[in-house]
Amino acid sequence: MGFLSSANYAETDAALASGITNTAASWNGSSPMFIAVQADAWDLTPADCRIVADSLNTNKYIVVRPDHLFLLYKKYAGLGAAAASPYIAQQPTSESAAIGSVATFSVEATGSLPLSYQWRFNGTNILNATNGVYSKSDVQASD
C-alpha cells in the first residue's frame, strides 16, 4: 500500500514503462499498489505517454489522471469514507481585522458523520462556537 515512485522525470517512453514495470515487480497482489510517475515534458509528449499506457497489461494496470490517483488512494486508506477517522481537510487561515469589525474563520473536516466542532481561543473553548464557521464580532486588539 502507499505511493511507490519510480522513473520520475523519465526522458523516454521506454524508461517510463520500465520504471512502472520494475516498481510493480515487487507487488504481491494483496493490496492495491499506487505508482506515481512523471515524465520529462521536454522529451516526452502526451502521445508518448499514451504509448506507454497502451503497452501496459490492462489486467494488471489501470492508468488514471493524478486527481483520480489521489481519490483512489484516499478511498483505499479509508479517508472520508464510512467509519473513517475525522481529519482536517482544510485548515483555518489567519485573519486580520480592524478593531470593531468581524473576523470569520472556517475549517473543513471530513470523516464519518456526525462530525462536531469546537473553536478555541488560547486553549479555552469559545462558548457556542461549534460549527465549521466561526465569526468573531467586535474584534479587539486583545483578540
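A salt bridge is taken here as a side-chain nitrogen of Lys or Arg within 4 Å of a carboxyl oxygen of Asp or Glu. The structure is a predicted model, in which local features need pLDDT of at least 70 and side-chain atom pairs count only at pLDDT 80 or more, while totals for chains, interfaces and linings use all residues. Residues are numbered from 1 along each chain as its sequence is written, and side-chain values use heavy atoms, with hydrogens and water left out.

The protein chain holds three helices and eight strands. Helices (H or I, at least four residues) and strands (E, at least two) are DSSP runs, numbered from the N terminus. Along the sequence, these elements follow the pattern β-α-β-α-α-β-β-β-β-β-β. Of the 143 residues in the protein chain, 20% are buried. Buried means under 20% relative accessible area, exposed over 50%, and partly exposed in between (1.4 Å probe, protein chains only). The protein chain exposes about 10,100 Å², and carbon and sulfur atoms supply 54% of that area. Accessible areas come from the Shrake-Rupley method with a 1.4 Å probe; for residues, only the protein chains shown count as cover. Among contacts with a separation of 6 or more in the protein chain, 58% join residues 24 or more positions apart. Contact means heavy atoms within 4.5 Å.

The largest nonpolar core has nine residues: Ala10, Leu16, Ala17, Ile20, Ala24, Leu44, Val52, Leu56 and Tyr61. Helix α1 (residues 13-24) gives the most to this core, with four residues. A nonpolar core is a set of buried Ala, Val, Leu, Ile, Met, Phe, Trp, Tyr and Cys residues joined through side-chain atoms within 4.5 Å. Ala17 touches Val52 and Ser55, residues up to four places away in sequence not being counted.

Helix α2 (residues 46-55) contains Asp48. Asp48 is buried but has no salt bridge. The nearest side chain of opposite charge, Arg50, is 11 Å away. A polar atom of the Asp48 side chain lies 2.9 Å from the backbone nitrogen of Thr45. Polar contacts are pairs of N or O atoms within 3.5 Å; within protein, one must be able to donate a hydrogen and the other to accept it, and residues adjacent in sequence count only if both atoms are side-chain atoms. Beyond residues up to four places away in sequence, Asp48 touches Asp13 and Asp43.

Side chains of opposite charge can pair when their charged atoms come close. Two salt bridges are found in a search of the whole structure. Arg50 pairs with Asp54, with the closest N and O atoms 3.0 Å apart. These two residues lie four residues apart in helix α2, and are therefore separated by about one helical turn. Both Arg50 and Asp54 are exposed. Lys136 forms a salt bridge with Asp143, the closest N and O atoms being 3.8 Å apart. Lys136 is partly exposed, at a relative accessible area of 26%. Asp143 is also partly exposed, at 42% relative accessibility.

Val63 lies in the loop between α2 and α3 (66-76). Val63 is exposed, with a relative accessible area of 53%. The C-alpha atoms of Val63 and Ala53 are separated by 6.5 Å, although the residues are ten apart along the chain. Neighbours within four places in sequence aside, Val63 is in contact with Ala53 and Leu56. Gln118 sits in the loop between β5 (108-110) and β6. Gln118 is partly exposed, at 36% relative accessibility. The C-alpha atoms of Gln118 and Ala129, eleven residues apart along the chain, are separated by 5.8 Å. With neighbours within four places in sequence left aside, Gln118 is in contact with Asn125, Ile126, Ala129 and Thr130. A polar atom of the Gln118 side chain lies 3.0 Å from the backbone oxygen of Ile126.

Backbone phi was also considered. Asn122 has a positive phi of about 50 degrees although it is not a glycine. Asn122 lies in the loop between β6 (120-121) and β7 (124-125), and is exposed, with a relative accessible area of 69%. Asp138, not a glycine, has a positive phi of about 50 degrees. Asp138 is found in the segment after β8 (133-136), and is partly exposed at 46% relative accessibility.

Definitions and conventions: Lys and Arg count as positive and Asp and Glu as negative; His and the chain ends are not counted.
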